[in-house]
Amino acid sequence: MNQVRRVLTSKEDKRQYSFLDRLYQRLDDALQSGTEVNLRLTWGSLRGIPIYLDPTCVEIVFVHVYMDDDDEADEEVSWRTVWLVRLEEINAIAYLTESWSKERLEQLLPDTSSEADTKE
């Protein structure tokens, strides 16, 4: 895993290395599990599933399936876009760690309606 090692000369270098090290780890986890990720870059953002990763870049594939309610009708049923992104260009990553049904989520949240009734 320590493939992203760098020469560290300052505290900023250490922070940058820490981010790149954790970023690589999260991307590798997503690559192994086939999990979709959202990447925030300086010029925008993109999402997809990692299909390749090395110490300098990640390749992300995004598949778009045409739906009838899409604004722009297209003769293509679906298309695939592959992005090759340098790790140093990534500012943030979001990825799914766990999902809940609506019922489970409601069980996790405290019931605030009874508190509101008692305040009146």
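Trainee: How much accessible surface does the protein chain have?

Mentor: The accessible surface of the protein chain comes to about 9,300 Å², and 48% of that surface belongs to carbon and sulfur atoms. Accessible areas come from the Shrake-Rupley method with a 1.4 Å probe, and for residues only the protein chains shown count as cover.

Trainee: Before we go on, what are the ground rules?

Mentor: This is a predicted model, in which local features need pLDDT of at least 70 and side-chain atom pairs count only at pLDDT 80 or more, while totals for chains, interfaces and linings use all residues. Residues are numbered from 1 along each chain as its sequence is written, and side-chain values use heavy atoms, with hydrogens and water left out.

Trainee: Which elements does the chain have, and in what order?

Mentor: The protein chain has three helices and five strands, running α-β-β-β-β-β-α-α from the N terminus on. Helices (H or I, at least four residues) and strands (E, at least two) are DSSP runs, numbered from the N terminus.

Trainee: What share of the residues is buried?

Mentor: Of the 120 residues in the protein chain, 19% are buried. Buried means under 20% relative accessible area, exposed over 50%, and partly exposed in between (1.4 Å probe, protein chains only).

Trainee: Which residues have the most contacts inside the largest nonpolar core?

Mentor: They are Leu-27, Leu-39, Val-58, Leu-87 and Ile-90, in a core of 15 residues. The elements giving two or more residues to this core are α1 (11-33), β1 (37-41), β2 (44-53) and β3 (57-65), and α1 gives the most, with five. A nonpolar core is a set of buried Ala, Val, Leu, Ile, Met, Phe, Trp, Tyr and Cys residues joined through side-chain atoms within 4.5 Å.

Trainee: And what does Leu-27 touch?

Mentor: Not counting residues up to four places away in sequence, Leu-27 touches Val-37, Leu-39, Pro-50, Leu-53, Val-58, Leu-87, Ile-90 and Ile-93. Contact means heavy atoms within 4.5 Å.

Trainee: Where is Ile-93?

Mentor: Ile-93 is in strand β5 (residues 90-95). Its C-alpha atom is separated by 7.4 Å from that of Leu-23, 70 residues apart along the chain.

Trainee: Turning to the strands, how do β1 and β2 run?

Mentor: β1 and β2 run antiparallel and are joined by five bridges, with a hairpin of two residues linking them. Leu-39 has Leu-46 in β2 as its bridge partner. Two strands pair if DSSP finds at least two bridges between them.

Trainee: Is Asp-54 buried or exposed?

Mentor: Asp-54 is buried, at a relative accessible area of 16%, and is found in the loop between β2 and β3.

Trainee: What does the side chain of Asp-54 reach?

Mentor: The Asp-54 side chain reaches the backbone nitrogen of Thr-56 at 2.7 Å and makes a polar contact with the side chain of Tyr-52 (3.0 Å). A polar contact is a pair of N or O atoms within 3.5 Å; within protein, one must be able to donate a hydrogen and the other to accept it, and residues adjacent in sequence count only if both atoms are side-chain atoms.

Trainee: How many salt bridges are there?

Mentor: The count comes to two salt bridges, each a side-chain nitrogen of Lys or Arg within 4 Å of a carboxyl oxygen of Asp or Glu. Arg-47 pairs with Glu-36, the closest N and O atoms being 3.5 Å apart. Arg-47 lies in strand β2 and Glu-36 in the loop between α1 and β1, so the pair ties together parts that are eleven residues apart in sequence. Arg-86 and Glu-89 form a salt bridge at 3.1 Å, N to O.
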